[in-house]
Amino acid sequence: MSKERLQRNIEKAQHEIDTKKDLVKNGSMRQKYHFMAQTGWINDPNGLIYFQGNYHFFFQYNPYHGFWDSMYWGHAVSRDLLHWEYLPPALAPSETYDDHPKGGCFSGSAIERDGRLYLMYTATTNAGEGFEQTQCLAYSEDGIHFEKYEGNPLVKAPAGIPADQFRDPKIWKHEDFYYMVVGACKEERGMALLYRSADLIHWEFWNVLFESRGEWGRMWECPDFYQLGDKYVLTFSPIASGDHTAVWLSGQFDYETGRFCPERSGEIDWGLDYYAPQSFLAPDGRRITVGWANGWEWMPQWKDWGPSFQEGWCGFFNVPREVRMLKDGSLQYLPVRELEALREKPCRIQELFVTEEERELIAGDGICFEMKFRIDLERTDAKSLELDLRCGKGKKTACVFDFEKGQLSVNRNNADGWSRGTSRSVLFLKGKQELDVHIFSDQSSIELFSDQYRNNHSNNVFAGNTQRMIKVHAYGGTAAIVDYESYGLQCCF
């Protein structure tokens with residue numbers, strides 16, 4: 001009966017999607033090239049993998065409504081990371097261990113073994129004694145139709161770990177063993193627990209991979225762990241850690257002890273809308289990571305969720321990024337080169353001197369575009385440079401490069417009449433001759449990359465189509481912009 005119940009719930013969800021998708025796709029706030037679900041709510045990227053000639057994106061999903069609820073795994077495939085074919089949901093709540101209105105099939109990861117695709121996910125339920133999260137397995141011969149392992153759940157929270165704070169397994173293989181890192185907390189401090197197995201079924205607790213001393217929040221969601229060059233990288237999204245929403249640590253790891261020793265740390269993204277990133281290996285060896293562009297927005301005057309919710313959907317993924325490590329152990333997050341295939345209508349300016357007098361820039365239609373330039377710091381004496389995006393009807397998103405304070409900020413308080421908040425980060429400018437800037441704008445988002453892709457800001461902006469002007473001006477002097485280039489970006493959906 002278990003297989004039948006799973007299939008019945010998937011078919012029911014697919015019917016809901018088919019009924020609503022044509023209406024939802026015409027929503028005015030739908031993204032043009034960022035990955036989205038066809039309907040409903042989407043959050044964490046799950047099970048990202050290249051399998052049998054396709055990139056597979058799974059995702060936390062509520063196909064019925066544009067808000068978080070009982071979780072499914074949505075599923076789509078692509079050959080180029082740009083154009084996607086939607087498949088039926090891969091997982092649906094169907095068992096006593098994962099079928100609950102506020103539970104379901106939570107986040108996890110994927111791995112290939114002997115031609116099969118395996119999904120490890122967190123099952124969440126409440127049998128009357130509080131929520132319990134356990135790690136479970138599903139498998140597929142074709143990468144489309146999945147069965148849940150009859151021996152689920154495989155791993156329960158160890159002693160001392162709250163049963164409702166034990167989730168988001170990321171699995172990988174090293175030599176003869178499979179390894180799994182799971183997010184957890186103990187005594188209100190975030191941690192990543194390490195397990196290992198010879199067969200993906202029987203798991204033993206190996207060690208605490210790493211844990212917070214209090215500086216990284218009270219719970220670590222969506223941990224990821226991988227090797228990059230001769231170093232190892234641990235990423236996670238901490239709960240209750242101030243502005244930190246997506247953290248990376250790089251350092252040394254010993255498989256014999258199962259202990260990670262970080263040497264450097266940093267932020268994947270300082271923006272207000274970047275969370276729960278998960279990475280995978282592309283067939284050419286690139287380490288690619290994808291994050292959720294958040295979606296917990298709430299304003300009392302709306303009396304429900306934000307603009308996209310009113311169109312029957314909520315949430316999307318940030319553009320995929322290639323992870324690279326510099327010699328000092330710091331990480332770069334570069335938009336994947338596949339995005340270049342979307343470029344059209346190029347505009348180039350070799351040199352531009354910006355004063356306090358506002359001037360307009362051209363980039364595509366001013367809504368969906370890519371922009372790149374460098375600020376020549378040696379020829380810049382301005383105190384700051386302000387780049388205003390999605391301007392119109394008295395509204396704008398202000399990106400300010402403050403050379404005097406050494407700060408980069410993205411202010412969306414006047415962006416669209418709904419969004420709010422300013423993201424800020426430190427610009428380390430001492431001794432530098434230039435500052436690089438790379439921006440991707442879509443219908444409902446702005447992603448800004450700077451300082452060799454180490455200082456990044458991703459923010460959702462729900463601006464209308466009348467907001468398509470781009471303006472720039474300096475404060476207290478002149479700013480020198482060189483090698484300006486921009487492109488319109490074609491629609492993928």
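Student: Over which ring does the charged end of Arg 30 sit?

Tutor: The charged end of Arg 30 sits over the ring of Trp 313, 5.0 Å from its centre. A charge is counted as lying over a ring if NZ of Lys or CZ of Arg is within 6 Å of the ring centre and within 35 degrees of the ring normal. Arg 196 provides a further case, over the face of Phe 177 at 4.0 Å from the ring centre. The model is predicted, so local features need pLDDT of at least 70 and side-chain atom pairs count only at pLDDT 80 or more, while totals for chains, interfaces and linings use all residues. Residues are numbered from 1 along each chain as its sequence is written, and side-chain values use heavy atoms, with hydrogens and water left out.

Student: How many helices and strands are there in the protein?

Tutor: Helices (H or I, at least four residues) and strands (E, at least two) are DSSP runs, numbered from the N terminus. The protein has one helix and 33 strands.

Student: What radius of gyration would a compact globule have, and what does the protein have?

Tutor: The rule, applied to C-alpha atoms, is 2.2 Å times the number of residues to the power 0.38. For 493 residues it gives a value near 23 Å, and the protein agrees with 23 Å. The C-alpha trace spans about 70 × 50 × 45 Å along its principal axes. Buried residues (under 20% relative accessible area with a 1.4 Å probe, protein chains only; exposed is over 50%, partly exposed in between) make up 61% of the 493 residues.

Student: In what order do the strands of an open sheet stand?

Tutor: Strands of a sheet pair through backbone hydrogen bonds, either parallel or antiparallel. Two strands count as paired if DSSP finds at least two bridges between them. Here six strands form an open antiparallel sheet in the order β22-β33-β24-β29-β30-β31. Because β22 (343-354) and β31 (455-460) are at the edges with a single partner strand each, one side of each has no neighbour in the sheet. Within this sheet, six bridges join β29 (residues 434-442) to the antiparallel β30 (residues 445-450), and Phe 440 stands opposite Glu 447 in β30.

Student: How many aromatic pairs does the count come to?

Tutor: Rings of Phe, Tyr and Trp (its six-membered ring) pair if their centres lie within 6.5 Å; planes under 30 degrees apart are stacked, over 60 edge-to-face, and the rest tilted. The count comes to 39 aromatic pairs. One of them is the edge-to-face pair of Phe 59 and Phe 317, 6.5 Å centre to centre with 85° between the planes. Phe 59 lies in β2 (residues 54-62) and Phe 317 in the loop between β19 (313-314) and β20 (321-325), so the pair ties together parts 258 residues apart in sequence. Phe 59 counts as buried at 2% relative accessibility, as does Phe 317 at 1%. Trp 418 and Phe 462 form another edge-to-face pair, at 5.8 Å centre to centre and 80° between the planes. Both Trp 418 and Phe 462 are buried.

Student: Which residues do ring pairs link into a cluster?

Tutor: The cluster includes Trp 172, Tyr 179, Phe 210, Trp 216 and Trp 220.
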